[in-house]
Amino acid sequence: MRHHLRTLLILILLAATAAAFVVTEDLKLEPDPLARPQIDPTFSPICQCDQRTARIAFRLRRADVLTLTIADENGRIVRTLLKQATFRPGNHRFGWDGRDESGKLVPEGRYRPRVELQKLERAIEFPEQIAVDTTKPRLRVLNVSRRMLSPDRDGRGDAITIRYRVTEPSYVLLLVNGNRQIRTRPGKQAIRWAPRRLRPGFQRLQLVAVDAAGNRAAGRPFYVRVRFLEVSPSRLRVRPRRLITVRVSTDYPRYTWRLGRRRSSARAHTLRLRAPATPGRYTLTISAAGRRETTVVLVRRRR
């Protein structure tokens, strides 16, 4: 009798184990009700940028009634984004502005979204966390290789290198007169700027660091001067046959000059010539690599 009871008990346990195994396997085969979750890993609710709202997106396989909440690192719910809202199957996207139920900004830290599905009686906590980061990076320009540019592609003074330091991984923007010229990859510590088309004169440069959350920090602006060929003064009054002194600023190794019927070439940055013997108005033309600058020479009569 005892032997038969023991055998019956063993058969019942085996049947229960088999049934549990089948249920477990069915649960494994059942697809997750939420597919393709997309959670922004970090954002700054105070930045004036697209990252001031954290994205929470997923695909709902079946229609259900959802409750979407945000919990802090201690599991305390700080914000309810949805409460028993009905949604059809498909892709759904929501946003969190980094504020709690009272409308105040939450402290910096990591937060986790959670979805409750009423029909399935399931709660799904996403493994991805959202980092709230409101601290701006600090940026400092360390060195500017040169303050004068001649971007004419002759290999002399065509580019400058700006070295900088940022306190956290950030990409850096180079602004020239307020317009973006370059965007670096995070981790770089220098920018090489080789402009192609710029008018001569002073250009205002500024670096701006942007961290992963979208926080921006602007460095102090500085100026560089663009010049190709400059001649000064622009106007001279001299007497006949007197010595003329003109300053030529350029990085070209040679330039040509013409005054009246005379013409030649020179290397020096200070050009000295004799004024024409006949009184009148003359134009001194300095040329190099297709660029020209002029100085008006007024030769006065002797008294």
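**Figure 1. Overview of the predicted chain.** This is a predicted model in which local features need pLDDT of at least 70 and side-chain atom pairs count only at pLDDT 80 or more, whereas totals for chains, interfaces and linings use all residues. Residues are numbered from 1 along each chain as its sequence is written, and side-chain values use heavy atoms, with hydrogens and water left out. The chain contains 1 helix and 26 strands; these are DSSP runs numbered from the N terminus, helices being H or I with at least four residues and strands E with at least two. Of its 303 residues, 39% count as buried (buried means under 20% relative accessible area, exposed over 50%, partly exposed in between, with a 1.4 Å probe and protein chains only). Among contacts between residues at least 6 apart in sequence, 56% join residues at least 24 apart, a contact being heavy atoms within 4.5 Å.

Figure 2. Threonine 285 stands opposite threonine 294 in β26.

**Figure 3. The hairpin of β4 and β5.** Strand β4 (residues 64-71) runs antiparallel to strand β5 (residues 77-87), and 7 bridges join them. Leucine 68 has leucine 82 as its bridge partner in β5. The hairpin has 5 residues between the strands, and glycine 75 takes a positive phi near 85 degrees.

**Figure 4. Salt bridges of the chain, 5 in count.** Side chains of opposite charge can pair when their charged atoms come close. The criterion is a side-chain nitrogen of Lys or Arg within 4 Å of a carboxyl oxygen of Asp or Glu. Aspartate 40 and arginine 55 form one of them, with the closest N and O atoms 3.4 Å apart. This pair links distant parts of the chain, 15 residues apart: aspartate 40 is in the loop between β1 (34-39) and β2 (42-43), and arginine 55 is in strand β3 (residues 54-60). Aspartate 40 counts as buried at 19% relative accessibility, while arginine 55, at 26%, is partly exposed. Aspartate 97 meets arginine 79 at 3.0 Å, N to O. Because aspartate 97 lies in the loop between β6 (90-96) and β7 (109-117) and arginine 79 in strand β5, this pair ties together parts that are 18 residues apart in sequence.

**Figure 5. The disulfide of cysteine 47 and cysteine 49.** The structure holds 1 disulfide, defined as a pair of cysteine sulfur atoms within 2.5 Å. The sulfur atoms of cysteine 47 and cysteine 49 are 2.0 Å apart. The torsion about their S-S bond is about -70 degrees, so the disulfide is left-handed. Cysteine 47 and cysteine 49 are both buried.

Notes: Pairing = 2+ DSSP bridges.
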